[in-house]
Amino acid sequence: MELCYQLPVLPLDRPVPKHVLSRRGAISFSSSSSLFGAPDPRQLSQRRGAISYDSSDQTALYIRMLGASVIFKQLFSRDVRVRSQVGFEPERRGSHPYLGVDFRTLHSRAESAGSIPAQRIQRLFSFQRHLLSSRLLRGAPHLNPLHILDEDYCGQAKCMLEKVGSWNFDIFLFDRLTNGNSLVCLTFHLLNQYGLIELFQLDMVKVRRFLVLVQEDYHNQNPYHNAVHAADVTQAMHCYLREPKLTQSLTSCDILLGLLAAATHDLDHPGVNQPFLIKTNHYLAALYRNTSVLENHHWKSAVGLLRETKLFSHLPTEDSLSIERQLGSLILATDINRQNDYLSRFRTHLDENNLCLGNASHRHFILQMALKCADICNPCRPWELSKQWSEKVTEEFFHQGDIEKKHKLEVSPLCDSKANTIASVQIGFMTYVVEPLFAEWARFSDTRLSQTMLGHLGLNKASWSAMEPEASGSFEEGESEPARATEEPSSRALSQGSQES
């Protein structure tokens with residue numbers, strides 16, 4: 001815990017020195033007015049807290065709040081996180097020295113000299129919002145649902161959350177309105193809306209801290225696999241959980257697992273796919289023996305944050321371990337290489353009409369299918385949203401291809417910007433991956449939402465075909481066997497939402 005001896009601490013009637021005004025900001029809390037202006041470090045150390053952001057060092061955000069200092073450090077910035085104090089060491093980050101590629105900056109763009117990273121600005125803008133949420137710990141009355149949104153919360157974002165169950169929900173707009181905190185705000189709102197925070201007696205500070213760490217562990221430099229994608233999948237999962245068949249049968253534990261799995265399903269995604277990790281001898285590929293490499297990593301990263309924040313420490317050990325195992329089962333189901341296995345099993349259940357949602361294993365299987373649908377639902381969104389996602393995922397594909405060309409590696413399928421276009425990639429993905437899955441989901445849940453999704457899917461596919469008429473024909477010519485046509489796009493295209501996620 002560092003003490004900030006140079007923090008400006010002045011009474012209201014004393015002029016502020018110019019050197020203080022030149023700083024970007026400072027806040028100090030004191031238990032005694034006699035401490036104002038005191039230069040003695042021993043007196044400064046008695047202050048209840050202090051926050052300082054110095055313009056000369058744009059990365060310096062100092063916070064001390066008595067014994068809560070470490071908590072705030074870990075809550076607001078990965079750069080000053082002290083993981084060792086909680087007894088958990090996360091998995092090693094970075095890439096194999098064979099390429100010398102740092103996945104944390106793989107998709108980053110050069111910033112102008114002297115500019116402040118957008119993510120840091122967002123953290124500063126949202127600092128007061130995080131701080132004010134602590135009002136709930138000071139005896140705020142329990143409402144039903146809890147009043148989570150404080151006075152500083154943007155009115156437009158609050159209005160959007162009132163329609164969070166709409167399939168037309170614009171996650172890009174919501175992310176802008178929340179200053180880049182869409183995953184935290186949306187997931188926290190849903191946990192509260194379902195009454196899960198009270199039902200499972202979750203600590204509000206731990207929940208908030210867990211969600212902030214989850215959001216921080218997504219690589220927002222990735223064009224596609226970032227925290228906004230995770231928020232979008234979480235919102236889609238919420239829409240599926242509200243479907244009549246699921247509403248009538250799912251337990252509160254099922255809903256909690258579904259939301260947590262959606263929020264963490266691509267945690268710490270490096271922005272490249274599994275074949276890339278394997279052919280570069282990445283340590284994750286060796287660790288998980290080239291099987292569901294990224295999915296295993298996402299799961300273990302999520303478990304690490306659950307244990308670090310001790311979110312379920314108040315539950316019996318057996319229950320918390322069960323939650324971790326089921327969370328892993330859901331995340332592993334997003335492996336696109338196993339798409340045919342899950343789809344065949346789903347189709348068989350529907351053909352034989354033997355799905356019993358009173359059975360815990362059957363409910364879990366439906367949760368797996370719901371997460372798979374949520375993960376690749378972008379082509380089923382309205383065109384204005386779907387097109388943005390298509391451009392982002394293709395940008396990520398092509399960036400990986402450029403890296404492979406640079407290091408003289410075989411370019412992965414669909415990652416060559418010279419041989420593929422956005423339209424050709426999307427038409428093939430919709431035809432061989434999305435349509436079969438959502439057709440079976442519509443058989444299971446024949447509702448207005450299912451028909452809406454299929455309608456958008458057809459219109460979006462037609463829009464891409466109009467942009468490149470030969471795209472659909474050329475894709476089919478390259479796949480003479482139907483079985484191969486279904487299998488290869490699912491393993492090569494790696495799915496928008498799952499790209500070996």
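**Close-up 1. Helix α19 spans residues 360-375 of this predicted model.** Count along α19 and you get 16 residues. From first C-alpha to last, helix α19 reaches 22 Å, close to the 22 Å expected at 1.5 Å a residue. How many of the residues of α19 are buried? It's 14 of the 16, so the helix is largely enclosed by the rest of the structure.

**Close-up 2. Phe172 and Trp389 make a tilted aromatic pair, one of 10 aromatic pairs in the structure.** Their ring centres sit 4.6 Å apart, with 40° between the planes. This pair ties together distant parts of the chain: Phe172 belongs to helix α7 (residues 171-177) and Trp389 to helix α20 (residues 383-406), with the two 217 residues apart. Phe172 is buried at 9% relative accessible area, and Trp389 is buried too, at 1%.

**Close-up 3. Phe346 and Trp441 form another tilted aromatic pair.** Here the centre-to-centre distance is 6.4 Å and the planes are 45° apart.

**Close-up 4. Two charged side chains sit over aromatic rings.** In one case, the charged end of Arg208 is over the ring of Phe188, 4.5 Å from the ring centre. In the other, Lys300 places its charged end over the ring of Trp299, 4.9 Å from the centre.

**Close-up 5. Asp268 has a positive phi without being a glycine.** Most residues other than glycine have a negative phi. For Asp268 the angle is about 60°. You'll find Asp268 in the loop between α13 (252-264) and α14 (274-279).

**Close-up 6. Asn290 is another non-glycine residue with a positive phi.** Its phi is about 60°. Look for Asn290 in the loop between α15 (283-287) and α16 (293-309). Asn290 is partly exposed, with a relative accessible area of 39%.

Key: Residues numbered from 1 in each chain as written. Predicted model: local features only at pLDDT ≥ 70, side-chain atom pairs only at ≥ 80, totals over all residues. Heavy atoms only, no water. Helix = DSSP H or I, 4+ residues; strand = E, 2+ residues; numbered from the N terminus. Buried < 20%, exposed > 50% of the residue type's maximum accessible area, 1.4 Å probe, protein only. Expected span 1.5 Å × (residues − 1). Phe/Tyr/Trp six-rings, centres within 6.5 Å; stacked < 30°, edge-to-face > 60°. Lys NZ or Arg CZ within 6 Å of the ring centre and 35° of its normal.
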